[in-house]
Amino acid sequence: MKLAYSSEELKKTANDIRINIVESIHCGGSGHPGGSLSIAEMMAVLYFHEMDVDEKNPKWEDRDRFVLSKGHAAPAYYAALAERGYFDKEVLKTLRHIDSILQGHPDMKKVPGVDMSTGSLGQGISAAAGMARFAKQTGKGFRVYSILGDGEIQEGQVWEAVMSAGHFKLDNLTAFLDNNDLQIDGHVSAEMSVYPIREKFEAFGWNVVEADGHDVDELVEAVAKAKACEGKPTLIWCKTVKGKGVSFMENQVGWHGGAINDEQYETAMKELKG
Amino acid sequence: MNSTREAYGQALAELGEKYPIYVFDADLSKATQTVHFAKKFPERFTNMGIAESNMIGYAAGYAACGATVFASTFAEFAAGRAYDQIRNSVAYPHLNVKIAATHGGVLIGADGGSHQCVEDLALMRAIPGMVVLCPADTEETRRCVEAAILYDGPVYLRFGRMGTPEIYENGKTCTFEIGKGTVVEDGTDVTLIAVGDMVSRAATAAKKLKEEGISAAVIDMASVKPIDEALVVEYAKKTGCIVTAEDHNIMGGLGGAVSEVLAKHQPVPQEMVGLQDQFGRSGTPADLAEYYGLTAEKIVEAAKKCMQRK
């Protein structure tokens with residue numbers, strides 16, 4: 001079932017997802033806060049506006065699929081699933097613990113609602129394209145969504161997947177690009193430029209729509225454009241801020257991965273809870 | 001003589017009628033023989049182009065939606081090039097993807113070392129939960145393909161390029177199942193355990209040994225993983241020494257798998273016929289067999305040496 005949250009509700013949900021990201025990484029002792037915080041609005045729009053899924057029946061075969069190709073943003077994924085009701089929010093506090101279902105990177109065998117295990121960059125988008133092609137080949141109507149990191153598209157496999165999705169005209173596939181321009185070692189543009197982005201995807205037969213990745217209304221509109229586009233997969237090219245919502249993490253490459261200490265946790269919570 | 005890759009193509013086309021399987025290939029469908037399935041079931045076949053990593057990812061995506069999928073290319077480009085995709089997108093989530101790789105080993109012939117995968121069994125065997133199969137002839141290949149379809153999880157199947165004698169004919173029954181070896185010849189002095197093209201060579205070696213008064217058992221261990229531990233132990237006890245024979249590096253493949261069982265349960269002398277930590281090279285399959293010692297004569301030599309070590 002699809003939820004049709006209003007713009008205000010989506011904004012609030014994105015903020016709740018951020019709170020849960022910080023909470024779980026703080027409790028987990030490690031994780032990837034920067035790239036998780038940068039996709040909070042995308043996750044809110046997907047699970048509370050666009051995707052036809054059933055949290056009571058996670059394996060419903062006609063559901064829309066989501067593949068987090070940038071698997072290290074798992075805390076954002078888990079937070080969205082918990083918000084949607086796939087599992088209790090208390091579980092978020094067990095992130096990365098030895099007996100937890102919440103692995104450092106998404107594990108479809110452990111977490112209700114995770115459609116594909118990811119973590120090794122570049123692989124998720126191939127699986128997402130495979131799911132979309134399966135829907136086409138079997139006449140199923142479900143749609144497939146994926147989120148790619150901007151550093152991730154340095155992986156050659158991404159371009160094999162992008163080429164094939166264009167070739168197979170997978171208009172039921174929509175990929176978001178989380179373009180915060182930071183990767184572990186520095187700026188994406190400085191370490192290994194992935195630009196120009198639009199021209200690359202268009203050359204491979206994709207429809208490209210730009211959006212502010214933190215503006216839920218623009219994201220909703222972008223998904224509508226993706227659905228309206230026939231014969232081509234769509235890239236929603238999202239300009240984002242790594243660490244968005246927590247002042248001391250914003251645009252800081254050092255917050256790609258790491259632990260959140262008690263003091264940092266208090267500051268972040270104050271900012272997010274207002 | 002049929003090759004196991006041809007047997008694979010025939011089995012897929014036949015079993016495609018019985019099971020709703022999907023097949024992927026990476027621009028090698030004539031070589032891997034998936035072309036027969038492609039012609040018969042075009043709606044369930046996809047050519048992914050020369051992009052093996054992406055092919056494995058697509059197969060995983062299909063399997064995550066509930067499909068049973070075969071993905072085929074040469075062993076080097078499956079187990080080698082797409083190793084991480086097989087590990088992380090297929091085996092880690094235990095999906096129903098069957099990696100059916102042809103052209104394993106050096107006996108494929110003239111293409112040379114770049115194309116002769118001598119480490120695929122080792123690579124695939126080391127992945128947790130992966131089933132690894134390497135059949136010896138047409139009948140066994142068919143059984144392996146069907147067993148892979150019925151098994152819930154990832155399977156690696158290795159096929160050869162060249163025609164190979166039929167093992168299971170003239171009253172010899174193939175009893176293959178996952179986790180079970182087949183006793184092709186019984187014997188009491190030495191046991192020859194082989195896979196793929198080397199099973200017929202082991203059978204020939206057993207005949208030659210018999211002429212010299214040596215009774216050699218021959219076991220076809222198509223189920224490289226899980227290996228038939230009980231059968232290995234039984235024959236280690238019965239014959240007191242074991243020779244393994246494979247068209248693969250002696251490290252980590254069949255030889256390694258058997259030695260793991262022996263070390264743990266029944267230490268007896270073992271000799272390993274196979275690639276002695278070498279890459280392949282160009283040449284005819286016959287010349288390559290001589291060059292690398294993948295012959296019945298070498299197995300006979302190894303058997304005698306092994307018996308002396310008892």
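**Close-up views of a predicted two-chain model**

**View 1. Overall build of chain B.** Of the 310 residues in chain B, 63% are buried (a residue is buried if 20 or more other C-beta atoms, placed from the backbone, lie within 10 Å of its own, exposed if 12 or fewer, and partly exposed in between). This is a predicted model, in which local features need pLDDT of at least 70 and side-chain atom pairs count only at pLDDT 80 or more, while totals for chains, interfaces and linings use all residues. Residues are numbered from 1 along each chain as its sequence is written, and chains are lettered from A and ligands numbered from 1 in the order in which they are written. Chain B contains 13 helices and twelve strands (DSSP runs numbered from the N terminus: H or I of at least four residues for helices, E of at least two for strands). Its radius of gyration, 18 Å, is close to the 19 Å that the globule rule gives for 310 residues, so chain B is as compact as a globular protein of that length. The radius is taken over C-alpha atoms, and the rule is 2.2 Å times the number of residues to the power 0.38.

**View 2. The side of chain B that touches chain A.** The contact takes 22 residues from chain B and 22 residues from chain A (two residues are in contact if their C-beta atoms, placed from the backbone, lie within 7 Å). On the chain B side, helix 4 (52–64) and helix 6 (83–91) each supply at least two residues. Helix 4 of chain B gives the largest share, nine residues.

**View 3. The surroundings of B:Thr164.** B:Thr164 lies in the loop between strand 6 (155–158) and strand 7 (182–185) of chain B. The residue is buried, with 25 other C-beta atoms within 10 Å. Beyond its neighbours within four places in sequence, B:Thr164 is in contact with B:Met1, B:Ser3, B:Thr4, B:Asp137, B:Asp197 and B:Ser200. The C-alpha atoms of B:Thr164 and B:Asp197 are separated by 6.2 Å, although these residues are 33 residues apart along the chain.

**View 4. Helix 5 of chain A.** Helix 5 of chain A (residues 123–138) has 16 residues, which should span 22 Å at 1.5 Å a residue; its end C-alpha atoms are 23 Å apart, which agrees. The expected span is 1.5 Å times one less than the number of residues. Of the 16 residues in this helix, 13 are buried, so helix 5 of chain A is largely enclosed by the rest of the structure. Just after helix 5, A:Gly139 takes a positive phi of about 75 degrees.
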